[in-house]
Amino acid sequence: MRSIWNGSISFGLVSIPVKLMNATENHSISFRQIHLADGGRIRYRKVCELDEEEVPAAETVKAFEDADGTVIPVTDEDLASLPLPTAKTIEIEGFVPAAAIDPLQLDSAYYLSANGVPAAKPYALLREALRRSGKVAVAKYALRGRERLGMLRVVDDVIAMHGLLWPDEIRAPEGVAPESGVKVRDAELDLADALMNTLGDTDMDTLHDDYREAVEELVAAKAAGEPVAEEESGKPEGKVIDLMAALESSVRAAKESHGEGGEVADVHPIGSGRGGGAKKAGASSKRAPAKRAAPKKTAATRKTAATKTGATKSAATKTAATKKTEEREKGARGGAAKKPTAKKPAAKKPAAKKASGGTRKRTSA
């Protein structure tokens with residue numbers, strides 16, 4: 001890496017010679033402006049507005065314009081003569097927990113490298129002190145003509161420095177938040193939590209600039225004389241009308257993209273009945289309502305079955321009683337029918353009596 005600044009870290013009475021290098025790089029595609037008619041380059045020239053002549057860089061200096069329009073020239077020599085202790089020094093002011101630095105203050109990122117063999121020992125000492133304390137160092141430094149605020153922390157085995165905005169450069173978020181009175185329901189929070197859990201963690205190393213790749217393909221296609229392919233966006237357009245329906249659809253889509261199926265877990269139906277939210281919630285939890293409805297149906301069935309069973313038992317009891325009554329009647333009828341049959345031999349006795357009577361008559365005669 002090429003260093004962009006050489007100086008030292010002031011750590012109390014310890015001075016650590018370091019080199020400053022950019023920790024980031026810009027991969028965005030650069031464009032130039034041309035004249036569409038003939039393809040000629042469009043260039044910008046510095047022209048004096050008084051004599052309308054082009055001014056070379058050697059004759060160009062900085063200036064400050066006062067409120068009344070007065071222009072005050074300020075040369076590089078004027079700025080270099082200022083008593084700036086941090087001109088070539090990263091002055092550590094103190095150490096604070098990393099959470100004390102608001103991410104809104106973070107600006108450019110740099111790597112600090114030990115400049116020379118003698119700087120290796122104090123460099124390693126500061127690095128290990130930062131690592132063991134779990135804190136970051138807040139420092140002042142000067143770069144590109146102005147004093148800046150920085151934060152030093154350990155990245156792997158290197159001391160990194162983040163440029164920080166000054167506290168008075170951070171604007172207060174006044175008028176940015178939604179108006180008061182917006183209420184978020186528990187069901188909406190549950191769906192938001194389910195969506196967050198479904199999306200899970202993100203591997204930062206796999207993220208890349210899709211737009212830059214599309215621009216590169218566009219340039220390559222135009223250079224080869226090929227037609228430019230237009231891709232349709234898969235994201236829905238328009239306003240979100242039903243927040244619950246949008247959350248449920250997001251959870252379902254996230255589950256499908258993660259290969260977990262389309263069913264949504266722990267989604268409760270919405271009582272409002274707006275849009276398709278309640279319908280989707282009910283459709284996504286088909287099994288649960290079926291299990292809840294089953295006991296009601298079974299209870300009703302048991303009640304009906306118990307009534308039918310009681311009626312069947314009553315019918316069986318009535319049938320048994322009827323059978324017993326019929327048997328008694330049949331028995332009575334059978335007894336009455338059998339008595340005359342049994343008296344037939346007795347019917348012969350009168351005949352015998354007649355005979356004996358006749359004998360008696362004959363005897364008396």
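The paragraphs below follow the charged side chains of this predicted model, from its salt bridges to a surface patch. Local features need pLDDT of at least 70 and side-chain atom pairs count only at pLDDT 80 or more, while totals for chains, interfaces and linings use all residues. Residues are numbered from 1 along each chain as its sequence is written, and side-chain values use heavy atoms, with hydrogens and water left out.

The whole structure holds eight salt bridges, each defined as a side-chain nitrogen of Lys or Arg within 4 Å of a carboxyl oxygen of Asp or Glu. One of them joins arginine 45 to glutamate 54 at 3.6 Å, N to O; arginine 45 is exposed at 56% relative accessible area, as is glutamate 54 at 52% (exposed means over 50%, buried under 20% and partly exposed in between, with a 1.4 Å probe and protein chains only).

In helix H2 (residues 120-133), glutamate 128 and arginine 131 are three residues apart, and therefore separated by about one helical turn; their closest N and O atoms lie 3.3 Å apart in a salt bridge. Arginine 146 and glutamate 169 form another, at 3.7 Å, and because arginine 146 belongs to strand S8 (residues 146-155) and glutamate 169 to the loop between strand S9 (158-164) and helix H3 (186-199), the pair ties together parts 23 residues apart in sequence. Helices (H or I, at least four residues) and strands (E, at least two) are DSSP runs, numbered from the N terminus.

Salt bridges with shared partners also link Arg127, Glu128, Arg131 and Asp157 into one network.
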